Amino acid sequence: MRIRLNLMLLAAITMMMVACGKNDEPVYRNTRDLDGNGKAFLEGGVLVDANLNFTQAQLEQALDNYEWETDYSFYYDNNTISSSKDNTGFVLSFHTNRTVECPIFTQRSRVRDVAITGKQITITHEEPYYSSLYIPPITFTVVSLDMSDNGGRIIMDMKDFAELDGFDINSLHLRMVLRTK
């Protein structure tokens, strides 16, 4: 009986050591369930305290009174969350006059018609749709608006259609973390 108990204990310890390996990559069954209860996920699946309950008026006030810039971004789908990607090529700077700068808009880096509806921000390029410079409107869903005496943080998502190895294009999103300047 004592040998059996020792073997069971040894097996349990071995399983715990294998399960807690430092080189294990996190696997997420459903990334959509990670945001909630005052938490939002960031790169690598790290959960942080976040204000998920904000109003359109609070979002408008934050965008109208502070300059914002992309701190970093990362990709995620229903099963995987990437690490931070500083060079996604999609860096935004929001200005208090409701203009946005973004390098992907090559000829005219300023974009007007920043519309806020609920928790969504839609950026519309000012070129007419028949122009060779036309870029369709881009909509972001703001996940979190966190303001403090030291500035603020906005976490927002955009549906992405890039083909990335290891990610499902049907559920791929780009999550951006913006900070006040």
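Reader: What is the average confidence of the chain, and what share of the residues scores at least 70?

Author: The chain averages a pLDDT of 78, and 69% of the residues score at least 70.

Reader: Which helix has the lowest mean pLDDT among the elements of the chain, and which has the highest?

Author: Helix H1, residues 2-19, has the lowest mean at 41, whereas helix H2, residues 56-65, has the highest at 96. Over residues 2-26 the pLDDT stays under 50, and the model has three contacts beyond four places in sequence for that stretch. Where pLDDT is low, the predicted coordinates should not be read in detail.

Reader: Why is the pairing of Asp-35 with Arg-175 called a salt bridge?

Author: The closest N and O atoms of Asp-35 and Arg-175 are 2.7 Å apart. The rule asks for a side-chain nitrogen of Lys or Arg within 4 Å of a carboxyl oxygen of Asp or Glu, so the pair qualifies. By this rule the count comes to six salt bridges.

Reader: What makes the pair of Asp-35 and Arg-175 a tie between parts apart in sequence?

Author: Asp-35 lies in the loop between H1 and strand S1, while Arg-175 belongs to strand S11; the pair therefore ties together parts that are 140 residues apart in sequence.

Reader: How do you know whether Arg-175 and Asp-35 are buried or partly exposed?

Author: Buried means under 20% relative accessible area; Arg-175 has 0% and therefore counts as buried. Asp-35 has 24%, which falls between that cut-off and the 50% above which a residue is exposed, so Asp-35 is partly exposed.

Reader: Where do the partners of the salt bridge between Arg-98 and Asp-64 lie?

Author: Their closest N and O atoms are 2.7 Å apart. Arg-98 is in the loop between strand S4 and strand S5, and Asp-64 is in helix H2, 34 residues apart. Arg-98, at 26%, is partly exposed, and so is Asp-64, at 30%.

Key. Residues are numbered from 1 along each chain as its sequence is written. This is a predicted model: local features need pLDDT of at least 70, side-chain atom pairs count only at pLDDT 80 or more; totals for chains, interfaces and linings use all residues. Side-chain values use heavy atoms; hydrogens and water are left out. pLDDT is the predictor's confidence in each residue, from 0 to 100. Helices (H or I, at least four residues) and strands (E, at least two) are DSSP runs, numbered from the N terminus. Contact means heavy atoms within 4.5 Å. Buried means under 20% relative accessible area, exposed over 50%, partly exposed in between (1.4 Å probe, protein chains only).
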